[in-house]
Amino acid sequence: MAAEKAEMDKLKKECDALRTQIEAARKAVNDGSMSASAGGVAGLGRIQLKLRKNLKGHLAKIYAMHWSADSRQMVSASQDGKLLIWDTFTGNKLVAVPLKSAWVMSVAFAPSGNLVASGGLDNICTVYNIKAASPKTLRELDAHTGYLSCCRFLSDTEILTASGDTTCCLWDLETGKQKTVFTNHIGDCMSLALSPDMNTFISGACDSLAKLWDLREGACKQTFSGHTSDINAIAFFQNGHAIITGSDDCSCKMYDLRSDQEVITYQDPSLNAGVTSVALSNSGRLIFAGYDDFNCHIWDSLKGEKIGVLSGHDNRVSCTGVPNDGMGVCTGSWDSFLKLWN
Amino acid sequence: MTISTVGKGDWHREQMACFRKMEKVTVAMQDPDMGMKMRNQRLLITVIPHAMTGRDIIDWLIQKYNICDEEALHLGDMLVRYGYIYPLKEPRCLVLQPDECPYRFQTPYFWTSTRWPASELDYAIYLAKKNIRKQGELMDYEKERYSVLNKRINHTWDFVVMQAREQLRASKQRRKADRIVLECQEQAYWLINRPPPGAHNVLDMGLERPNTFSSRVPLNQNSDYYKKEIETCRRALGRNRVKSSICLEGFVKYSEQYQNHDPIMQGCLPSNPWISDDTAHWTMNAQVVPTPTRLRVERWSFSFMELLSDPMGRQEFMTYLEKEFSAENLCFWQACEDIKHGENSKIGEKVEDVYKTFLAPGAVRWVNIDSKTMDKTLEGIKEPHHFVMDDAQMHIYFLMKKDSYPRYLKSDLYKNMLAKAVVPQETKKSVFPFMRRQRHSSPSPAQAVAVATEDDGRIKQAGQAGTNSVAGSQV
């Protein structure tokens, strides 16, 4: 027993030493701050977006939404046990997918527009073919031992999932089997995002860390710390060189991948509610962050200032998303409505 | 009064931050000088003091916060739904009616945040009182809950009944008006904290995320975990790090470059479909169009990835490469993408195809890869998998990026495309001629106040136009 403990202590010491070295290496390249670099950039003043559409149809809390690649269709998931696929322009509901389990927490649209996936407390990621006459279950991906918090398609044949069992997983949809399991987090994985070049992805978890993974190697390449509570939301900056995280500690942070460190924190003493979701406008200049205080606040990503707010929901904003063409932003809430703003 | 939870590291996170704000508003409404004018309401033969109508509430909110009618209605409605104001006429309908319906302020004793969460014991006493007062006054769902509570806290049931009787006795001593008021307040409180089945439960905090972090950590930290951690850390330590200043400049540049291409910031031509209800923009920017828009062609020059990810851009680039007799590079790259993201079952035959077409000696469309990469790839082909072509693909990608791509941007083909690219005409919304700044987001009402002093009439009309357009697009 004593020998085991001694070995563990030695390993722990080595680990801590490595972490200290990493911090030192990060400090060594830290020769500038965002405020310095963005000093010459003109401020944006106050941004006011108008409500353009109010999509009514769900009967219970909306937990997740995802835009289709065509920037016009969108899928939303609610704990009334349904996925609804909307034509956001007309406001029509195109398809309703009834779910086996109403406790859904995540939904995703495949880039092809043929498939949608959802999952939640049932620990299963179910993939549906929505182009069939009536929505058909294509696959039930059942291997996680914890709830499904997030899922994203790479293509019609591959999907990534994040789970409360602390792992993320890449699945092969042809066989329905796990291709790669990404283990390194020590807390529930809450959210994931795919890089623009699809070679890597990032995950945020309840251990307050954000991690970058290589899809090919199946390993964690970088770890980012700094948050003091669960990371609920994560997104890539458009050029793929930075990530934005949103956390229960009421702040959002930007981490730069190339210099391997935190760049700026978006927080405000008047904001005392956790962040549930993040999305960026197409230039990356605006960050839309959904909070528990029923609002979606708008941040200037370069100046670090809060420059606007989207108010109108009667309950927590649970999900936000900007379509590929950047025409606006959609917020979904526990008040069962989806709102489109620009 | 706030509802807070102690998070990790001992800081307080407000669960329902809005409650503090709502309390501030209701306190301001009751201010003796600047607050609302109270009236007496007649309820049959009893006179209830300190009441106000729904219309009063809305007017006061409009005046105090300088907001429009719709927003005031929404705000007032929230105050009712969260129990800070309750209706006198139809107590079970927790909605703000913008008319002569009477409302009263909830006493701080019964504020949602004061006693949260509502206790089972208190609920039992409340139901007991109702039961004793008028036999059978309990609604069906209340009867059900009453019997459930009876079973669950049976050990304190004597206390419950005794308390109920005591409270009823005390209330009989009060004046009728006070008694009615207290009953209304208590009823309103319980309608929020124990809503009838089917009613929206505004206090629902959702699935409690089990805070397993603290319990999991000790379990995981055995020597295996540390060994893996060390490996991960070593790998992370060895990575190349770029100077912060360079990276940050990159973000600033990107953001500036794409600002014109960001519809939320700069608007979009001919118009944003969500605003104008005109799908022209989507039609003009479809995957394949005879003439692309100027912004789209401009984006091709921002980065090689932009060019390749646009099907039209890729097509144009292919045409250019064909002229230069190097189209096999792009074909090879596309074939590799297909292997990387395509079906597992077809990998074998796809890799075989790619080898025959692009890599074999004397192949029809032979690509120029350095010998080291070629050897590695040929070795990998023996056991094909999704990423077997990665190195070769990367080599060809950089070849195109460094060589062909810059020359393409300087070529006549690209320049002509840019010249004949379409700059759509901005469609004017003909309805309200004074609603300028079509492409941009509307100005903040706070700013409108400053301008109002200059030109009251114009702003009023513009404000109404704004309201109308919002109402018009609601589904």
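In chain B, 60% of the contacts with a separation of 6 or more are between residues 24 or more positions apart, a contact being a pair of heavy atoms within 4.5 Å. This is a predicted model, in which local features need pLDDT of at least 70 and side-chain atom pairs count only at pLDDT 80 or more, while totals for chains, interfaces and linings use all residues. Residues are numbered from 1 along each chain as its sequence is written, chains are lettered from A in the order in which they are written, and side-chain values use heavy atoms, with hydrogens and water left out.

Chain B has 23 helices and six strands, taken as DSSP runs numbered from the N terminus (helices are H or I with at least four residues, strands E with at least two). Of its 475 residues, 42% count as buried, where buried means under 20% relative accessible area, exposed means over 50%, and partly exposed lies in between (1.4 Å probe, protein chains only). The chain exposes about 26300 Å², and carbon and sulfur atoms supply 54% of this area, which is computed by the Shrake-Rupley method with a 1.4 Å probe; for residues, only the protein chains shown count as cover.

On this surface, B:L121, B:F159 and B:M162 make a nonpolar patch of about 260 Å². Patches are made of residues with over 30% relative accessible area and no salt bridge, with nonpolar side chains (Val, Leu, Ile, Met, Phe, Trp, Tyr) joined within 5 Å and like charges within 9 Å. B:L121 lies in helix α4, residues 120-133 of chain B, and counts as partly exposed because its relative accessibility is 32%.

In chain A, A:H185 sits in the loop between β13 (177-183) and β14 (189-194), and this residue is buried because its relative accessible area is 4%. Its side chain makes polar contacts with the side chains of A:S203, at 2.7 Å, and A:D207, at 3.0 Å. A polar contact is a pair of N or O atoms within 3.5 Å; within protein, one must be able to donate a hydrogen and the other to accept it, and residues adjacent in sequence count only if both atoms are side-chain atoms. Leaving aside neighbours within four places in sequence, A:H185 also touches other residues, including A:T166, A:L209 and A:W213.

Finally, the two chains meet through 96 residues from chain B and 114 residues from chain A. The area buried between them is about 9000 Å², with 58% from carbon and sulfur atoms; buried area is the accessible area (1.4 Å probe) that two parts lose on being put together, summed over both. Between chain B and chain A there are seven salt bridges, each a side-chain nitrogen of Lys or Arg within 4 Å of a carboxyl oxygen of Asp or Glu. A:R19 forms a salt bridge with B:E229, with the closest N and O atoms 2.7 Å apart.
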